[in-house]
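Dear colleague,

Please find below the structure that I am handing over to you. My notes on it follow directly after.

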Amino acid sequence: MAATPALSVEGLSVEFRTRSGIVRALDNVSFSVDKGETIALVGESGSGKSVTAYAVMGILDPAGKVTAGRAMLDGLDLLHASPSQLADVRGRKIAMIFQNPRTALNPIRPVGQQIADVLIRHGNVPRKEAPAQAVEMLRSVGITDPARRAKAYPFEMSGGMCQRVMIGIALAAKPWLLIADEPTTGLDVTTQAVIMDLVNDLASQMGMATIFITHDLALAGQRSSRIVVMHAGHVVENAPTRELSTNPRHPYTAELIAATPDSAASLDELASIPGSLPDLRRTDLPPCRYSERCPRKIDACAQPLPYAGGSISHIVACWNPLPASSEFEAKASAA
Amino acid sequence: MTTLLDVADVSKLFPVGGGPGFFTRFKRRFSGGPEALPKVHAVDDVSFTIEKGETVGLVGESGCGKSTLVRALTRLIDVSDGTIKLGERELSRKAARVFARDRDRARIQMVFQDAGESVNPRFTAFDAIADPLRRLRKLRGNALTWQVETVARQCGLPLQLLTRFPHQLSGGQRARVGIARAIAVNPELLVLDEPTAALDVSVQVVILQLLQQLKKEIGMSYLFVSHDLSVVRLLCDRVLVMYLGKVVESGPAKEVFDHPLHPYTRALVAAVPRLHENAGERLRLTGEPRSPIDPDPKVCRFYGRCPRGTDACTTAMPALRSFGSRRVACHFAEEFLPQRT
């Protein structure tokens with residue numbers, strides 16, 4: 001499918017100025033999402049998943065600065081757009097769901113009104129019709145008795161219900177692209193399944209692209225068609241989900257899969273990842289930020305990272321990747 | 001094996017007020033006090049045992065009463081009804097405030113979810129670990145320092161970190177502090193309330209392996225509370241599944257997760273994401289949970305969300321029935337029993 005991507009991020013670098021030095025939070029991050037596709041950004045905390053989303057949305061902390069790169073959405077570079085251009089794009093073309101719905105919602109406005117606000121601002125809905133449409137939106141995100149619930153405040157609802165309202169707000173103006181930042185962390189597995197089903201169903205109905213940020217590789221594997229693995233501000237691997245889960249090429253991805261509890265039969269089989277994330281304030285960071293933890297380190301790792309791999313669809317930023325299995329190699333050479 | 005903890009028919013009810021305001025307060029005063037108020041049945045008639053050296057998992061969604069049950073049996077709150085026996089000692093008759101100074105306090109210890117929040121922020125790691133030793137073992141001076149350093153080493157906490165405050169430690173190090181302070185007084189039962197929920201997978205693995213190693217070295221029993229079933233499956237021998245204050249299923253962890261009998265357990269197991277599996281056809285739960293405020297004692301708590309529910313479920317509450325080593329509270333449990341050929 002050679003469709004134009006809904007969003008393409010190219011060479012994004014972000015730095016934070018702090019009292020103890022400059023933190024190079026993102027370095028040369030590139031990926032793209034096609035229309036109607038769901039991709040997952042996976043990594044441990046501190047790997048730069050959320051910073052990537054914040055940079056694209058233009059809601060970085062004032063201490064953060066985009067030093068390079070662009071993020072193209074429908075011909076507009078989001079990283080260099082003016083505030084008024086961004087204000088038009090947000091909500092209408094690109095929307096975001098945050099991790100903690102209770103703090104992201106306005107605590108002193110009924111949830112129905114909060115959805116109506118988005119409809120009026122971005123959905124070209126007349127002021128008078130907005131409340132009724134907000135109730136419809138609540139119904140479509142699966143809230144029972146939506147007319148009564150529209151008058152409720154966020155604190156009167158459970159975590160799962162608040163997350164549904166957030167999804168309602170994000171999808172009210174039918175955006176092209178939805179960024180979901182850990183939408184189900186802190187929810188129960190049963191609620192998590194329901195919320196993820198809801199996002200997937202609505203996204204496929206609207207033909208919307210989704211970037212799904214999570215630290216749960218198992219959840220990403222189940223819900224996305226492509227996984228982008230991040231480590232310390234670098235994209236280390238970017239591959240179709242099935243290929244990545246059965247044949248990881250980057251050593252870090254392989255370790256991450258080995259540490260996921262669902263894949264092991266006993267606790268002894270689970271592998272831990274030695275070492276920890278490097279301090280991103282260091283000025284002598286090696287080109288590959290994983291190399292100091294890496295069991296497969298070779299001399300070539302001192303050179304700038306290669307962004308290549310078996311095929312165009314499977315990108316590995318590693319000089320000494322794990323071998324590709326024959327199944328996918330055959331597919332890559334045939335393509 | 002000998003039974004370490006025997007919990008029988010424990011219930012915990014919380015009265016819920018009629019709301020603020022002068023009139024409701026006035027009414028409450030003259031209508032029989034808190035006894036007459038509606039009550040949340042947080043834990044309803046729960047019985048189970050933990051053997052010496054056993055790891056029992058407690059799973060269920062938020063609001064099912066896991067935490068209330070745990071707080072009741074670690075004697076942080078008082079129970080409304082039922083008995084809790086630790087070895088030969090009956091604990092439930094003693095008020096929680098009094099039990100805090102009891103000689104048996106040290107026998108049950110707890111590891112909380114996030115040590116960053118459960119440890120006094122103005123205590124260094126050393127003080128945090130030393131606190132229970134000072135209070136319960138009356139250790140002072142060199143003996144105290146020696147014991148704190150021994151436990152820290154046992155938990156893989158570098159000694160130079162002992163002078164740091166919680167906010168100066170990483171998530172994994174905080175988890176180690178939380179475990180170290182709990183095992184410092186050599187408890188027989190360690191209750192772990194989602195100890196790895198706030199950790200990344202790579203750190204989670206290390207902490208889980210630490211827990212397993214400590215169990216081998218010290219021979220404690222664990223009650224492991226979690227909603228992450230893939231972790232419970234790896235760590236626990238036996239598992240209890242709770243739904244709205246009731247235990248709906250229990251049994252050996254592997255059997256329960258491979259062949260769940262209760263519809264709720266089946267939904268729970270189906271909801272666990274798996275890396276190599278697509279989210280296509282799974283059992284989906286619909287509807288909202290029933291209210292835990294004065295629930296109808298005749299209606300099954302899961303009715304309304306249950307895909308198998310019939311009218312029979314609204315006339316008789318299913319009791320826990322035994323099937324070999326397992327117990328299930330469902331009228332239709334037989335339907336899901338694995339066929340023995």
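In which loop of chain A does A:D74 lie? Before the reply, please note that this is a predicted model. A:D74 is located in the loop between β4 (64-73) and β5 (76-77) of chain A. Its backbone deserves a remark: A:D74 is not a glycine, yet its phi is positive, at about 50°. Most residues other than glycine have a negative phi. A:D74 counts as partly exposed because it has 13 C-beta neighbours inside 10 Å, and a residue would need 20 or more to count as buried.

B:D294 sits in the loop between α11 and α12 (312-315) of chain B. With 13 other C-beta atoms within 10 Å, B:D294 is partly exposed.

The two chains as a whole

Chain A contains 12 helices and 12 strands. Its C-alpha trace spans about 65 × 45 × 40 Å along the principal axes. A compact globule of 335 residues would have a radius of gyration near 20 Å, and the 21 Å of chain A agrees with this. Of the 335 residues in chain A, 48% are buried. Among contacts in chain A with a separation of 6 or more, 63% are between residues 24 or more positions apart.

Chain B likewise has 12 helices and 12 strands. The radius of gyration of chain B is 22 Å, close to the 20 Å given by the globule rule for 341 residues, so chain B is as compact as a globular protein of that length. The C-alpha trace of chain B spans about 65 × 60 × 40 Å along its principal axes. Buried residues account for 43% of the 341 residues of chain B. Of the contacts in chain B between residues at least 6 apart in sequence, 65% join residues at least 24 apart.

Where the chains meet

The contact between the chains involves 30 residues of chain B and 32 residues of chain A. On the side of chain B that touches chain A, α8 (201-218), α9 (229-235) and α11 (263-271) of chain B each supply at least two residues. The largest share comes from α8(B), with seven residues. By class, this side of chain B has 16 nonpolar, eight polar and six charged residues.

The nonpolar core

The largest nonpolar core has 193 residues, and those that touch the most other members are A:I115, A:L177, B:I129, B:A180, B:F224 and B:V241. Leaving aside neighbours within four places in sequence, A:L177 is in contact with A:A6, A:L7, A:V33, A:L73, A:K93, A:I94, A:M208 and A:A209.

Helix α7 (residues 171-183) of chain B has 13 residues, which should span 18 Å at 1.5 Å a residue; the end C-alpha atoms are 19 Å apart, in agreement. How many residues of α7(B) are buried? The count is 11 of 13, and α7(B) is thus mostly covered.

In α6(B), the 14 residues reach 20 Å from the first C-alpha to the last, close to the 20 Å expected at 1.5 Å a residue. The buried residues of α6(B) are B:V148, B:V151 and B:A152. They cover an arc of only 100° around the axis, and therefore lie on the same side of α6(B). These buried residues pack against α5 and α7 of chain B. On the other side of α6(B), the exposed residues are B:N142, B:A143, B:W146, B:T150 and B:R153. After α6(B) comes B:G156, with a positive phi near 70°.

One further loop in chain A

A:S276 lies in the loop between α11 (251-259) and β11 (308-311) of chain A. A:S276 has 16 other C-beta atoms within 10 Å and is partly exposed. Between A:S276 and A:Y290 there are 9.3 Å from C-alpha to C-alpha, at a distance of 14 residues in sequence.

Yours sincerely

Terms used. Residues are numbered from 1 along each chain as its sequence is written. Chains are lettered from A and ligands numbered from 1 in the order in which they are written. This is a predicted model: local features need pLDDT of at least 70, side-chain atom pairs count only at pLDDT 80 or more; totals for chains, interfaces and linings use all residues. Two residues are in contact if their C-beta atoms, placed from the backbone, lie within 7 Å. Helices (H or I, at least four residues) and strands (E, at least two) are DSSP runs, numbered from the N terminus. Ala, Val, Leu, Ile, Met, Phe, Trp, Tyr, Cys and Pro count as nonpolar, Asp, Glu, Lys and Arg as charged, and the others, Gly among them, as polar. The expected span of a helix is 1.5 Å times one less than its number of residues. A residue is buried if 20 or more other C-beta atoms lie within 10 Å of its own, exposed if 12 or fewer, and partly exposed in between; C-beta atoms are placed from the backbone. The radius of gyration is taken over C-alpha atoms; the globule rule is 2.2 Å times the number of residues to the power 0.38. A nonpolar core is a set of buried Ala, Val, Leu, Ile, Met, Phe, Trp, Tyr and Cys residues joined through C-beta atoms within 7 Å. The arc is that of the directions from the helix axis to the C-beta atoms.
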